[in-house]
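Hello,

Here is the structure I promised to pass on. Please open it first, then read my notes below.

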Amino acid sequence: TSAMRDASNGKDIRKKIKEITGIDIEVISGLEESRILQKTILTTIKSKRTYLHIDVGGGSTEMTVIRNRESILYESFDVGTVRMMENAIKKSETERMHDWLDEIGKKYKSIRAIGTGGNIVKLSLSTNLVCDLPLSFFPSI
C-alpha cells in the first residue's frame, strides 16, 4: 500500500493492472490502512488494558493506541523495512515518530505492544517473542 501511495507512476500501474486483470485498485491512505487493520485486531483483544498496535510494512508503519477494546489514537509513519534497507527514511519522519511515541509514553504509563507485519510475525514465530516494554525502550531507528 505504501509503495502504491508513493509511486510516481502509480496511476499508470493501476491502469495497466485494470487492463490486464479487470481489477480496479484503490490506493488508500496510511491512516485508512490502519483503520481497516484495527477491525481485525480489535476482535482478538479481550482485555480492557491499553495496547500499542504496531504494524510494520515495507514502506510504512502504522501505530494505534487501543484502550478498553477501542482504537483511540492512530498515526501512520513513512518508516518501513524496505525504506530502512534503502536508507530512504527521512530524519524528520523518524523524529515525528519518536515525538509521537514520547507523547504516548507520557500519557499511558502501562502499555503492551502488539506487533503485526511480515517481519514481526516471522520473528515471533521463530522466538515465541512476547514482552511488555516501556515505550522508552524503543531505540532510535
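Strand β2 (residues 61-67) pairs with strand β3 (residues 70-77) in the antiparallel sense, over seven bridges. Please keep in mind that this is a predicted model. R67 has E70 as its bridge partner in β3.

The hairpin of β2 and β3 has two residues between the strands. N68 lies in that loop. Its phi is near 55°, a positive value in a residue other than glycine. R69 is found in the loop between β2 and β3 as well. R69 also has a positive phi, of about 60°, and is not a glycine either. For context, most residues other than glycine have a negative phi.

**The chain as a whole**

The protein chain holds six helices and four strands. From the N terminus on, the order is α-α-α-β-β-β-α-α-β-α. Of its 141 residues, 28% are buried. The accessible surface comes to about 9,200 Å². Carbon and sulfur atoms own 54% of that surface. Take the contacts with a separation of 6 or more: residues 24 or more positions apart account for 50% of them.

Helix α2 covers residues 10-21, which is 12 residues. From its first C-alpha to its last it reaches 16 Å, close to the 16 Å expected at 1.5 Å a residue.

**The core**

Which residues have the most contacts inside the largest nonpolar core? They are L52, M63 and W100, in a core of 13 residues. Elements giving two or more residues to this core are β1, β2 and α5 (91-107). The most comes from α5, with four residues. As a general point, nonpolar side chains in soluble globular proteins tend to be buried together.

Look at W100 in particular. Leaving aside neighbours within four places in sequence, W100 is in contact with L52, M63, V65, L73, Y74, E75 and F77. Two of the names in that list, L52 and M63, are also among the residues with the most contacts inside the core.

T50 is found in strand β1 (residues 50-56). T50 is at 6% relative accessibility, so it counts as buried. A polar contact of 3.3 Å joins its side chain to that of R67. Beyond four places in sequence, T50 touches V65, I66, R67, Y108, S110, I111 and R112. R69 is 19 residues from T50 along the chain, and their C-alpha atoms are separated by 8.2 Å.

T61 sits in strand β2. T61 is buried because its relative accessible area is 4%, under the 20% limit. Setting aside neighbours within four places in sequence, T61 is in contact with I54, D55, V56, E75, S76, F77, V79 and G80.

E93 has its place in helix α5. E93 is at 12% relative accessibility, so it counts as buried. The side chains of E93 and R96 are joined by a polar contact of 2.8 Å. Residues three or four places apart in an α-helix point the same way, because the helix has 3.6 residues a turn. Not counting residues up to four places away in sequence, E93 touches S76, F77, D78 and V79.

**Where to look**

Then go to W100, one of the residues with the most contacts inside the core. End at V79, which is in contact with T61 and is touched by E93.

Best wishes

Note on methods. Residues are numbered from 1 along each chain as its sequence is written. This is a predicted model: local features need pLDDT of at least 70, side-chain atom pairs count only at pLDDT 80 or more; totals for chains, interfaces and linings use all residues. Side-chain values use heavy atoms; hydrogens and water are left out. Buried means under 20% relative accessible area, exposed over 50%, partly exposed in between (1.4 Å probe, protein chains only). Contact means heavy atoms within 4.5 Å. A polar contact is a pair of N or O atoms within 3.5 Å; within protein, one must be able to donate a hydrogen and the other to accept it, and residues adjacent in sequence count only if both atoms are side-chain atoms. Accessible areas come from the Shrake-Rupley method with a 1.4 Å probe; for residues, only the protein chains shown count as cover. Two strands pair if DSSP finds at least two bridges between them. The expected span of a helix is 1.5 Å times one less than its number of residues. A nonpolar core is a set of buried Ala, Val, Leu, Ile, Met, Phe, Trp, Tyr and Cys residues joined through side-chain atoms within 4.5 Å.
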